[in-house]
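Here are my notes from a read through this entry, meant for you to follow with the viewer open. Have a look around first, then take the points in order.

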Amino acid sequence: MIIVKSALTHLECGWTGETYDADRVWNLSPAAGRPLLARYDVAAAGATLRREALRERPATLWRYAEMLPVRDPACRLTLGEGFTPLIRLEHLGATLGMEALYAKDEGLIPTASFKARGLCLAVSRALELGVRALAIPTAGNAGSAMAAYAAKAGLPAAIFAPRDVPAPFLAEYRALGAEVTLVDGLISDCARLVQEGVREGRWFDLSTLKEPYRVEGKKTMGYELAEQFDWALPDVIIYPTGGGTGIVGMWKAFAEMEQLGWIDSRRPRLISVQSAGCAPIVRAFHAGARTAEPWSGAATIADGLRVPAAIGDFLILDALRESGGTALTVTDDEIRAAMLETGRAEGIFVAPEAAATLAALRHLLAAGAVRPGERVVLFFTGSGLKYTHLVS
Ligand SMILES: *Cc1c(COP(=O)(O)O)cnc(C)c1O
């Protein structure tokens, strides 16, 4: 069997470009307090990672192992994550007068959301680097995903979630063996408690973009889209944005694939959707700002979008702008209606965050920001099964 080697070389601060040793444990860049991004020797990766070679590879995100950060194959944890189907939405497409409307159905991943991609990589790499305990602030799915991979890795996991986290998540955290603390407040309050534990040396913080590797898991969505569209990326990607790892990750994936010689310089327009009750990225995008002010009084039924301040704000905003995309809000009523519409029209029970993409598409078509003939992908980021309270 061929041993596939990671081509990871170093980490780079996303703000200053300063470089750091990839084989040490890091959270944010020590100098700037901003996210660190993994960099690779792309030429070395390309020696074995060729488009044709992918046919022989497993149908998980590990098929791109050369461009992922885990060196020791024994530390590449897997529960079957990734390589989700790209589903043609014929019925919704017809209703909207569109010919090429697709969904990437991430609800089929272990723990039923795309959070598993990021946490699979983050936990695998933490295991490899000798981390002994893990913690995460979460509004729902990130906690489930961390708990699953921590169990697989045999590492203790502590979850800090807002007290109003839906009951199915709590049950899942406990079933997967995590220690759970319910917090009166938002995910930002949970994050402060995780930070306290970090200062006391109790665990490693796996918060969105506060360690370098969750984004590496999320970027595989970009690789998969290219592969599934036969190396011609779609025109538009509509993405429900909280911490924004998927936007940052896919944008990074497109650049890497161009370096690998897999795609040309054309890029999809990345469109970020947030809830009207918590839209710091949308506000900053339209204000022309490079970073986002924290949103006060954040409230939405789409828990994954209830992120008042994103540490990777500038990376998200840069990607939206460089791609020629945009950002918009939808209301919670529109989200609820879109959940039902998606289920009834297409047979997919989606999470509220995912439903927000369909609600957004309606606005984008009406405004002429998306044309009916374009190839559009909605990111169905999670299953609706943990959100039954929203439809009963
Ligand atoms: C966390 C989450 C989001 C937001 O993802 P980010 O990468 O943090 O922007 C969207 N949908 C679901 C289902 C989520 O769990």
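The points below start at the ligand and then move on to some single residues.

1. Before anything else, keep in mind that this is a predicted model. Every value in these notes is computed from it.

2. Start with the ligand, which sits in the largest pocket. Its surroundings are made up of 16 residues, and the closest are K115, Y239, G242, G244 and T381.

3. What kinds of residues make up the shell? Sorted by class, there are three nonpolar, ten polar and three charged residues around the ligand.

4. As for cover, the ligand taken alone would expose 380 Å², and the protein buries 96% of that.

5. Is K115 buried or exposed? Its relative accessible area is 17%, and buried means under 20%, so K115 counts as buried. K115 and T381 are 266 residues apart in sequence, yet their C-alpha atoms are 8.2 Å apart in space.

6. Another lysine to check is K219, in the loop between helix 7 (214-218) and helix 8 (220-228). K219 is buried because its relative accessibility is 0%. What does its side chain reach? The backbone oxygen of M67, at 2.5 Å.

7. W62 is found in the loop between helix 1 and strand 4. With a relative accessible area of 9%, W62 is buried. Its C-alpha atom is separated by 10.0 Å from that of C120, which is 58 residues away along the chain.

8. F83 is found in that loop too, between helix 1 (42-48) and strand 4 (86-88). Here is something to look at in the backbone: F83 has a positive phi of about 50°, although it is not a glycine. Why flag that? Most residues other than glycine have a negative phi. At 26% relative accessible area, F83 is partly exposed.

9. D230 has a positive phi as well, near 55°, and this residue is not a glycine either. You'll find D230 in the loop between helix 8 and strand 10. Is D230 buried or exposed? Exposed, because its relative accessible area is 59% and the cut-off is over 50%.

10. Last stop: R267, in the loop between helix 9 and strand 11 (269-275). R267 has a relative accessible area of 22%, so it is partly exposed. R267 and A44 are 223 residues apart in sequence, and from C-alpha to C-alpha they are 24 Å apart in space.

Methods: Residues are numbered from 1 along each chain as its sequence is written. This is a predicted model: local features need pLDDT of at least 70, side-chain atom pairs count only at pLDDT 80 or more; totals for chains, interfaces and linings use all residues. Side-chain values use heavy atoms; hydrogens and water are left out. A residue is near a molecule or strand if one of its heavy atoms lies within 4 Å of it. Accessible areas come from the Shrake-Rupley method with a 1.4 Å probe; for residues, only the protein chains shown count as cover. On a 1 Å grid over the protein atoms alone, a cavity is a set of points where a 1.4 Å probe fits but cannot get out, and a pocket is an open set with protein on both sides within 12 Å along at least five of seven lines; lining residues have an atom within 4 Å of a point. A molecule sits in a cavity or pocket if more than half of its atoms lie within 2 Å of its grid points. Ala, Val, Leu, Ile, Met, Phe, Trp, Tyr, Cys and Pro count as nonpolar, Asp, Glu, Lys and Arg as charged, and the others, Gly among them, as polar. Helices (H or I, at least four residues) and strands (E, at least two) are DSSP runs, numbered from the N terminus. Buried means under 20% relative accessible area, exposed over 50%, partly exposed in between (1.4 Å probe, protein chains only). A polar contact is a pair of N or O atoms within 3.5 Å; within protein, one must be able to donate a hydrogen and the other to accept it, and residues adjacent in sequence count only if both atoms are side-chain atoms.
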